[in-house]
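Thank you all for making the time this morning. I would like to walk slowly through one structure, beginning with a question about a single side chain and then widening the view.

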Amino acid sequence: EEYRPFSRKLPEFKFWFGASRAVLIAICMTFFDLFDLPVFWPILLVYFILLVVLTMKDRIKHMMKHNYVPFSLGKQTYGDLTKVKVPGEKKDAK
C-alpha cells in the first residue's frame, strides 16, 4: 500500500482567497443604497439562535458518539491516588 500524505478537501490558500474576496465584496456592497435592506432585529436574533442550536446539537451528538462528555458538574477527583507522600513523614505529625 502506497503512503499517501494527508490532503485537505479545501487547501488553505483557497480558503483565505475566498474569505478575502467575500470580505472585499461585502465592503464594496456597503457603498450602494441598493443593498441597504431594512432588517427587523428580532427575526435576525431568532435566526442566529436557531443556527447556534442546530450546530451545537450536531456537535454534541458527535461528542457523545465518541464518548466525550462536554459538560461536567465539577472537577473529577481521584482521592488518595493523587496525594503526594513525603518519605519519612508520619501521618499525625503536626
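Predicted model: local features only at pLDDT ≥ 70, side-chain atom pairs only at ≥ 80, totals over all residues.

Phe 13, at 66% relative accessibility, counts as exposed. These two residues are four apart in helix α1, so about one helical turn separates Phe 13 from Phe 17.

That brings me to the aromatic rings. A pair of such rings is described by how far apart the centres lie and by the angle between the planes. The count comes to two aromatic pairs. In one of them, the ring centres of Phe 13 and Phe 17 are 6.2 Å apart and the planes stand at 20°, so this pair is stacked, given that planes under 30 degrees apart count that way. Phe 15 and Trp 16 form an edge-to-face pair, with 5.1 Å from centre to centre and 70° between the planes. Phe 15 has a relative accessible area of 41%, and is therefore partly exposed.

Helix α1 covers residues 12–29, and Ile 27 is found in it. Ile 27 has 45% relative accessibility, so it counts as partly exposed. Ile 27 also belongs to a nonpolar surface patch of about 850 Å², whose other members include Val 23, Ile 25, Met 29 and Phe 31, as well as Phe 32, Leu 34 and Phe 35.

Does the span of α2 agree or disagree with what its residues should give? It agrees, because the 25 residues of α2, at 1.5 Å a residue, should span 36 Å, and the end C-alpha atoms are 36 Å apart. Asn 67 lies in the segment after α2, which itself runs over 41–65. The phi of Asn 67 is near 60°, a positive value in a residue other than glycine. Most residues other than glycine have a negative phi. Asn 67 counts as exposed, because its relative accessibility is 72%.

Finally, the whole chain. The secondary structure comes to two helices and zero strands. Of the 94 residues, 0% count as buried. The protein exposes about 10,500 Å², and carbon and sulfur atoms supply 66% of that area.

Notes. Residues numbered from 1 in each chain as written. Heavy atoms only, no water. Patch = residues over 30% accessible without salt bridge, like charges linked within 9 Å, V, L, I, M, F, W, Y side chains within 5 Å. Areas by Shrake-Rupley, 256 points an atom, 1.4 Å probe, with all protein chains shown as cover. Salt bridge = Lys/Arg side-chain N within 4 Å of Asp/Glu carboxyl O. Buried < 20%, exposed > 50% of the residue type's maximum accessible area, 1.4 Å probe, protein only. Phe/Tyr/Trp six-rings, centres within 6.5 Å; stacked < 30°, edge-to-face > 60°. Expected span 1.5 Å × (residues − 1).
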